[in-house]
Amino acid sequence: MSSPTPPPPSSTGSSAPDGIYPSKEALELAFKAVRKAVVPQIPDVILALRKELNRPEPDLQVAADLIAQDLALSGQVLKTVNSPLFGARAKISSVHQAVTMMGVRRVAALASADAIERALRHSQGGAARVVWESIMEQAHAAVAIARQIGCIDPEEAYLFGLMHDVGSLIFAEQLKDYATVWILHAASPNALIEHERKALGVDHTTVGFLLAGTWQLPGYTTLAIYHHHDPQAVKLADARVRTLIAIAKLAYYLRALPQGNQDAPEMLGYLDDARQELEFNDETLNALSEEAMRGSWSQGTGDG
């Protein structure tokens, strides 16, 4: 697949609070990293769908017609929305029905996630495979959290779960030891980020921010990608950004349980941040922890 050509990064403008967005220098370094990589192209229908979604009043019929243009996408959307992962109460048999029942924003999130997953999955091999399998597990964990807590739609959680570490797939192609470092620092993300910055001058959160913008994901999603390892993220003003970040942090903590890394300082901090934002009780945490220990989210992360 060919690499996309993102627009050259520019300053976020003087009206943006300091630290909310990546600096111009960081975006330029991220741009260089993306240009060196083979990044899958997102289907035009998804970009058109995101454009429709950005209208003041998105048209359900237009959105459904756009998805229906892509037979593979529409088929996969129906397969996914009818799967146990999303828990539809009744079988959904058409894209138009899915849009009517779920709403255009939920279906758009699901369609975007499916297109991104297919594009990324079929381009991964070697060291990147390790990162990809971790990303898929994280995405499934995010869905489980969203369903258990009810904080956001599972489709949006799935999309964010797929995207927030996508920058690491770029680095896996460019740094020969990246997969090993990724595994070693699974419970210490700050050390991983430090390694990235020393090696390439930029971290995976900034690359993810750039790619998410290129693929026209919502602004609050791109911000959550950029800040998902930020210890100061709890102070961000947008509750949607904080919610996505809290889901990611809780997913990291839960995925550390089977490896016995849940007591690492950063993982305990992630749990505290998630509990503060999502306000879940011990019963909810125990239920999610049981799912994590069963390995529920590591199943089906391959090409099947």
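Where is Gln-216 found? Gln-216 sits in the loop between helix H12 (204-214) and helix H13 (219-227). Its phi is near 60°, a positive value in a residue other than glycine. Gln-216 is partly exposed, with a relative accessible area of 31%. Here buried means under 20% relative accessible area, exposed over 50%, and partly exposed in between, with a 1.4 Å probe and protein chains only.

This is a predicted model: local features need pLDDT of at least 70, side-chain atom pairs count only at pLDDT 80 or more, and totals for chains, interfaces and linings use all residues. Residues are numbered from 1 along each chain as its sequence is written, and side-chain values use heavy atoms, with hydrogens and water left out.

**Overall make-up**

The protein chain has 16 helices and zero strands. Helices (H or I, at least four residues) and strands (E, at least two) are DSSP runs, numbered from the N terminus. Of the 304 residues, 54% count as buried. Contact means heavy atoms within 4.5 Å. Among contacts with a separation of 6 or more, 70% come from residues 24 or more positions apart.

Glu-279 has a positive phi of about 55°, although it is not a glycine. Glu-279 lies in the loop between helix H15 (265-278) and helix H16 (282-294). Glu-279 is exposed, with a relative accessible area of 68%.

**Helix pairs**

Two packed helices are described by the angle between their axes and the distance between the axes. Axes are lines fitted to C-alpha atoms, for helices over the stretch in contact, and angles run from 0 to 180 degrees between N-to-C directions. Angles under 35 degrees count as roughly parallel, over 145 as roughly antiparallel, 65 to 115 as roughly perpendicular and the rest as oblique.

| Pair | Axis angle | Axis distance |
|---|---|---|
| H7 and H14 | roughly 115° | within 9 Å |
| H1 and H12 | roughly 75° | within 9 Å |
| H3 and H5 | about 140° | 9 Å |

H7 and H14 are therefore roughly perpendicular to each other. Their crossing is right-handed. A crossing is left-handed if the near helix is turned anticlockwise from the far one by less than a right angle, and right-handed if clockwise. The H7 side of the contact includes Ser-134, Glu-137 and Ile-145, and the H14 side includes Ile-247, Tyr-252 and Arg-255. By class, this contact has ten nonpolar, two polar and two charged residues. Ala, Val, Leu, Ile, Met, Phe, Trp, Tyr, Cys and Pro count as nonpolar, Asp, Glu, Lys and Arg as charged, and the others, Gly among them, as polar.

H1 and H12 are also roughly perpendicular to each other. Among the residues that meet are Leu-27 and Phe-31 in H1, and Val-207 and Phe-209 in H12. The contact of H1 with H12 has ten nonpolar, one polar and no charged residues. Pro-22 is in the segment before helix H1 (24-36). Pro-22 is buried, with a relative accessible area of 3%. Pro-22 and Val-207 are 185 residues apart in sequence and 9.8 Å apart in space, C-alpha to C-alpha.

H3 (residues 60-68) and H5 (residues 95-102) pack at about 140°. That makes H3 oblique to H5. The crossing of H3 and H5 is right-handed.

**Helix H6**

H6 (residues 104-121) has 18 residues and reaches 25 Å from its first C-alpha to its last, close to the 26 Å expected at 1.5 Å a residue. The expected span is 1.5 Å times one less than the number of residues. In H6, 15 of the 18 residues are buried, so the helix is largely enclosed by the rest of the structure.
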